[in-house]
Amino acid sequence: MTTDRIDGRGEDYVILPSKEFERLTGLAKVAEMPPLPASDGNGNYPAIEYLRASIARSVIRDRIALGQTQRDLARLAGVRVETLCRIETGRHTASTATIDELDRALKRAAREKAERRHKRAARRRRSASHG
């Protein structure tokens, strides 16, 4: 990855490819995942809150790993961006149908990403053998 540095108004700025910026922004969002609730004195967790946070964290982690924005995933899953956003905050209980749509969309995105990676590798192999 190449980056350029510029000095503007006494500040040092870094220019980097937009894909890298998106990746770094995604990693920052992963760090902002909804926390899992604390257990009570007996080691029990509040089930609904734990479920919401677990689903939110899973969706965020998978979405970011695939390089998808909330808008991208919402479109693939056929849900509103607002719905996905509420799910990812961990404060909304999604319907089973919505969770299923998100799961299918994430799996489809993962397959498509793997196929693109495979095609790029095949092109590289072909060009290396001809060059």
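**Charged side chains in the predicted model**

A network of salt bridges links Asp-100, Glu-101 and Arg-104. A salt bridge here is a side-chain nitrogen of Lys or Arg within 4 Å of a carboxyl oxygen of Asp or Glu. The model is predicted, so local features need pLDDT of at least 70 and side-chain atom pairs count only at pLDDT 80 or more, while totals for chains, interfaces and linings use all residues. Residues are numbered from 1 along each chain as its sequence is written, and side-chain values use heavy atoms, without hydrogens and water.

The structure holds five salt bridges. One of them joins Arg-104 and Asp-100 (2.5 Å, N to O). Both residues lie in helix H5, four residues apart, about one turn of the helix. Helices are DSSP runs (H or I, at least four residues), numbered from the N terminus. Asp-103 and Lys-107 also meet in a salt bridge (3.0 Å, N to O). Asp-103 is partly exposed, at 32% relative accessible area. Partly exposed falls between buried (under 20%) and exposed (over 50%), with a 1.4 Å probe and protein chains only.

Glu-88 pairs with Arg-63 (2.8 Å, N to O). Glu-88 counts as buried because its relative accessibility is 6%. Arg-63 is buried too, at 4%.

Lys-119 has its place in helix H5. Lys-119 counts as exposed because its relative accessibility is 51%.

How values were computed
Helices (H or I, at least four residues) and strands (E, at least two) are DSSP runs, numbered from the N terminus.
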